[in-house]
Amino acid sequence: DTSLGTLLAIVVALVSQLLSGFIVNKNSLEGPALGLTRLSFLNFAFEALMTNELDGLAIVIKPKGMPDAYPTTGKVILDQIGVEEGRFGADVAILCVWLVVCIALSYVVLKWCVKESR
């Protein structure tokens with residue numbers, strides 16, 4: 001049934017986005033909710049992307065209309081959004097595992113559900 005598949009895809013996408021750090025800051029989560037963030041593949045992709053782009057970066061923020069510039073570093077921004085900068089390799093490895101599992105699961109579902117007809 002395609003409507004059930006569509007509903008399931010929407011729910012999985014919303015939960016993945018919620019647990020990835022896009023909507024809710026991971027620093028504000030506690031207990032089991034923080035553990036649930038490790039179920040979202042988007043969490044690992046977001047951490048890897050932010051670490052790659054911001055780690056070791058020096059940033060000067062000059063707000064419009066303000067006389068002073070405020071220097072900061074990428075590490076400060078990563079700490080603010082709850083990203084551990086030392087996990088880049090682990091995040092990429094976990095994303096690769098996610099990819100292999102999803103491809104294998106897709107193969108199994110297609111082999112089980114689709115019957116060849118000649």
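Predicted model: local features only at pLDDT ≥ 70, side-chain atom pairs only at ≥ 80, totals over all residues.
Thr 37 touches Leu 19, Lys 26, Leu 29 and Asn 43, leaving aside residues up to four places away in sequence. Is Thr 37 buried or exposed? Its relative accessible area is 3%, so Thr 37 is buried, the cut-off being under 20%.

Move on to α3, residues 41-54. The helix has 14 residues. From first C-alpha to last it reaches 20 Å, close to the 20 Å expected at 1.5 Å a residue.

Colour the buried positions of α3: Asn 43, Phe 44, Phe 46, Glu 47, Ala 48, Met 50, Thr 51 and Leu 54. Asn 43 is also one of the residues that Thr 37 touches. What covers this buried set? The cover includes α1 (2-20), β1 (58-61), α4 and α5 (88-113).

Angles over 145 degrees count as roughly antiparallel, so α3 is roughly antiparallel to α4. The crossing of α3 past α4 is right-handed.

Finally, show side chains at the contact. Which residues make it? From α3, select Phe 46, Met 50, Thr 51 and Leu 54. From α4, select Gly 74, Lys 75, Ile 77, Leu 78 and Ile 81. Colour the contact by class: six residues are nonpolar, two polar and one charged. The four α3 residues here, Phe 46, Met 50, Thr 51 and Leu 54, also belong to the buried set of that helix.

How values were computed
Residues numbered from 1 in each chain as written. Heavy atoms only, no water. Axes fitted to C-alpha atoms, helices over the stretch in contact; angles between N-to-C directions. Helix = DSSP H or I, 4+ residues; strand = E, 2+ residues; numbered from the N terminus. Parallel < 35°, antiparallel > 145°, perpendicular 65-115°, else oblique. Left-handed = near helix turned anticlockwise from the far one by under 90°. Contact = heavy atoms within 4.5 Å. Nonpolar A, V, L, I, M, F, W, Y, C, P; charged D, E, K, R; others polar. Expected span 1.5 Å × (residues − 1). Buried < 20%, exposed > 50% of the residue type's maximum accessible area, 1.4 Å probe, protein only.
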